[in-house]
Amino acid sequence: MLPAIDFTHHDFESEALVVRTDHSDDEAWRAVVDLLNRPDRNGFEVRTHLVDNPAFTGASPDDVLSAAAAEPALEVVFLADAATMTGEHTLLAVSTTSQELEDGDMELAREFRLLPPEVNLMHVNLAIGHMDFWEFAYHASLTADGILRM
């Protein structure tokens, strides 16, 4: 069983939660953190809460969501998994809620990949209610490789 994620002194309306689930390459992880902390191109302050605990090694999205269940304001969790440690360092965005389908809606996956600089932009748009997770998932589904690039 994974430890619960400590939400003390964290505001998830302003901080994106990134959980490292692959601990095989510390240099790649440092590169991911650097990409996450680069200034946002739209002038928004970049704020992330990084969970870098080896207890999460190999954790599935469901495992991480269970460990994060104590925070009801959380709409998305970003996982830094094995795929994150290679190539473009894409993170896995996972919705904390189910998609509510209406007639004619396309059912979307509850997870997709995005580039590290997009984490803050997505998180800010979710926090202010400008877009919801499923709009981002839809745009990712339109790309040939399923990676959201805004």
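A residue is called buried when its relative accessible area is under 20%, exposed when that area is over 50%, and partly exposed in between, with a 1.4 Å probe and protein chains only. The structure described here is a predicted model, in which local features need pLDDT of at least 70, side-chain atom pairs count only at pLDDT 80 or more, and totals for chains, interfaces and linings use all residues. Residues are numbered from 1 along each chain as its sequence is written, and side-chain values use heavy atoms, with hydrogens and water left out.

Arg113 counts as buried because its relative accessibility is 18%. Its side chain meets that of Asp81 in a polar contact of 2.5 Å, a term for a pair of N or O atoms within 3.5 Å where, within protein, one must be able to donate a hydrogen and the other to accept it, and residues adjacent in sequence count only if both atoms are side-chain atoms.

Next comes Ala55, found in the loop between strand S2 (48-51) and helix H2 (61-67). With 39% relative accessibility, Ala55 is partly exposed. From C-alpha to C-alpha, Ala55 and Ala83 lie 18 Å apart in space, and 28 residues separate them in sequence.

Asp132 sits in the loop between helix H3 (116-127) and helix H4 (133-141) and is partly exposed at a relative accessible area of 34%. Tyr138 is part of helix H4, and its relative accessible area of 37% makes Tyr138 partly exposed.

Conventions. Helices (H or I, at least four residues) and strands (E, at least two) are DSSP runs, numbered from the N terminus.
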